[in-house]
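Hi everyone, thanks for coming.

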Amino acid sequence: MTTISNPEPLKTVPSSTDAAPVDAPEASVVTTMKKKEMIAKVAEASGVKRSDAKKVLEAVLAELGDALQRGDELNLPPLGKVSVNRQREGSGAHIVIAKLRRPKAMMTDAETGDVSGEEATETEAAES
C-alpha cells in the first residue's frame, strides 16, 4: 500500500507589496517622406536643379530596389550597411525585409541635421 505525503503549504506574498516600477517606452512620431520632398532636399543639399536631382534620385532608387530584390548586401556610407533579412511574395508586391546598420556617429549627425559626407567617411575610416 502506498501512502501520500502532504505537500508543503504554498508561501504567499503579502498583498501590500508594491509592484516594481516599469519604464514606459518613449513615444515616437513616424513621418513619411515622399519622393517630391526627397528630391527637393537632394537638390538643395547638392546645389543642382530639381530636374537633375530627380533623374539621379530615380535612378538610384531603382538600383537600390533591384539590388535588395536580388538579395545583395549594400555598404553605402553615409547611409550605412543594408542587408536583406528575408523576402516573400505578397498580394501584388515583392516584400523585402531588410536590416540597416548605421554607426552611432551617423545617428548623432542625423539628429542634428548634419549630412556631411566628409564627416561620415572620416568616422567610418576611424572605426575600421
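Let me start with a question: which residues in helix 1 meet which residues in helix 2? On the helix 1 side we have K35, M38, I39, A40, V42 and A43, and on the helix 2 side they meet R50, A53, K54, L57, E58 and L61. Contact here means heavy atoms within 4.5 Å.

What you see is a predicted model, so local features need pLDDT of at least 70 and side-chain atom pairs count only at pLDDT 80 or more, while totals for chains, interfaces and linings use all residues. Residues are numbered from 1 along each chain as its sequence is written, and side-chain values use heavy atoms, with hydrogens and water left out.

Okay, the overview. The protein has 4 helices and 3 strands, and along the sequence they read α-α-β-β-β-α-α. Of its 128 residues, 11% count as buried; buried is under 20% relative accessible area, exposed is over 50%, and partly exposed is in between, with a 1.4 Å probe and protein chains only. If you take contacts between residues at least 6 apart in sequence, 14% of them join residues at least 24 apart.

Helix 1 covers residues 35-46 and helix 2 covers residues 50-70, and they pack at about 120° with their axes 9 Å apart. The axes are lines fitted to C-alpha atoms, for helices over the stretch in contact, and angles run from 0 to 180 degrees between N-to-C directions. By class, this contact has 8 nonpolar, no polar and 4 charged residues. In that count, Ala, Val, Leu, Ile, Met, Phe, Trp, Tyr, Cys and Pro are nonpolar, Asp, Glu, Lys and Arg are charged, and the others, Gly among them, are polar.

K35 forms a salt bridge with E58, with the closest N and O atoms 2.8 Å apart. To be clear on the term, that's a side-chain nitrogen of Lys or Arg within 4 Å of a carboxyl oxygen of Asp or Glu. K35 sits in helix 1 and E58 in helix 2, so the pair ties together parts that are 23 residues apart in sequence. Both ends are partly exposed: K35 has a relative accessible area of 43%, and E58 has 32%.

Three strands, in the order 1-2-3, form an open sheet with antiparallel pairing. Strand 1 and strand 3 are the edges, each pairing on one side only. Pairing, by the way, requires DSSP to find at least two bridges between the strands. Strand 1, residues 74-76, and strand 2, residues 80-90, share 3 bridges, and a hairpin of 3 residues joins them. Strand 2 and strand 3, residues 93-101, pair over 9 bridges.

Where does helix 2 lie relative to the strands? Helix 2 goes across strand 1, strand 2 and strand 3, at about 70° to strand 2.

Keep an eye on K81, please. In strand 2, K81 stands opposite N75, and its bridge partner in strand 3 is R101. The K81 side chain also makes a salt bridge with E73, the closest N and O atoms being 3.5 Å apart. K81 is partly exposed at 37%, whereas E73 is exposed at 53%.

How many salt bridges does a search of the whole structure find? The search gives 4. Besides the ones I've shown, E63 and R70 meet at 3.4 Å, N to O. E63 is partly exposed at 43% and R70 is exposed at 52%. Along with D72, E63 and R70 are linked in a network of salt bridges.

That's my tour. Happy to go back to any part of it.

Definitions and conventions:
Helix = DSSP H or I, 4+ residues; strand = E, 2+ residues; numbered from the N terminus.
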